[in-house]
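This report is meant for a reader who is new to the structure shown below. Please keep the sequence and the model in view while reading.

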Amino acid sequence: MSADTPLMPIAGNIDPVPTGRAPAPDVDGKRNLVGLNKDELRAALLEAGMAEKQAKLRGKQIWHWIYNRGATSFEEMTDIAKAQKPWLMERFTIRRPEVVEAQVSTDGTRKWLLRTHDGHDFEMVFIPDADRGTLCVSSQVGCTLNCRFCHTGTMRLVRNLEPYEIVGQVMLARDALGEWPSRPEGRMLTNIVMMGMGEPLYNFDNVKQALTIVMDGDGLGLSKRRITLSTSGVVPMMEKCGDEIGVNLAVSLHAVTKEVRDEIVPLNKKYGIEELLQACADYPGANNARRITFEYVMLKDKNDSDEDARELVRLLKKFDLPAKVNLIPFNPWEGAEYECSTPERIKAFSDIVFEAGISAPVRTPRGRDIDAACGQLKTAAEKKSRAQRDREAAENQAG
């Protein structure tokens, strides 16, 4: 972040509701068209003085170029009159977040450090598998929730990401993967998880707008069944998420007792485990075909006993939840107070849950050679001097 940028006020230690704060205006005064919905895009053309009939036509054309063809300039838009392009360029931009640093792991995982137009850094990660590729998308710069095992939890919230900064992550990934124009089949980026930096339900309106654009069949065209929103348990917003966005739900559970969850996910002090699981049972659209995912990070001697596994099974059955459990080996970071459970302990935990009829795969650690856990690349980059980064960028270009 910029040294002179004031931090967003944090209202409390447990459930701080971020105060809405607009990003700094663009220095060039031009309006960015990325992140506007179709009505807003047409309205922007009208407000700039374009005739109504033409704004309707141009709005459709520009939408197609931005989200189906991946255009980054008006010059690329071959069906827009040459004489009209200077008018558009004087008033509008088509801008994605800036790529500060990009890393590729030996296992194919890619991670990017991105920067907003007003100088705030955040991250996204692409994880390829044999039959799909998942992009992990951020919703905020920093986070308020202070989850003790999460590296992003060590960073103060700076601000919410705008719709263009969220949908722009998907577009940047498509740039890197060479996946323009959009096509329904044969693409590497097949799934999105809102599981990067930040709590997406504390930035609901911007996340909703961005995902609505991502799901639009005239553009990026990802099905809501291929999008998962992960929450730490902001109970009052969960039903709204199911009703208004309709994507799959994942919950960062991580513990089955009040004592332990209060410690590692402090939001539990406000919305307890039973209240959270009831909200999961009530989540619109959840059924055995669209199960709720429960994320469970494996912390040595903290939440990984046989007793914990049996209590997890009891809770999921009590609420009759269509559930699967993702067991996540803890990805340690400098200064972390926890250790990862042993492979034997993780397997024993998984076996107990599986034997109860609930899927509990162990997530394979990915990208550990590139600081791929949430928040790690941002911290690593802040430790480098500007001169170091410039030198590395020059070396990469030369290579």
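Which residues does UniProt list for "binding site"? The unreviewed entry names Cys143, Cys147 and Cys150, with positions in the numbering used here, feature names shortened, and annotations that may be inferred rather than shown by experiment.

The model is predicted, so that local features need pLDDT of at least 70 and side-chain atom pairs count only at pLDDT 80 or more, while totals for chains, interfaces and linings use all residues. Residues are numbered from 1 along each chain as its sequence is written, and side-chain values use heavy atoms, with hydrogens and water left out.

Helices (H or I, at least four residues) and strands (E, at least two) are DSSP runs, numbered from the N terminus.

Elsewhere, helix H8 (residues 273-281) has Ile273, Leu276, Leu277, Ala279 and Cys280 as its buried residues. Seen down the axis of H8, these fall within an arc of 155 degrees (taken from the directions from the helix axis to the C-beta atoms), so they line one face of the helix. Contact means heavy atoms within 4.5 Å, and Phe294 is in contact with residues that include Leu277 and Cys280.

Notes. Buried means under 20% relative accessible area, exposed over 50%, partly exposed in between (1.4 Å probe, protein chains only). Lists of a residue's contacts leave out its neighbours within four places in sequence.
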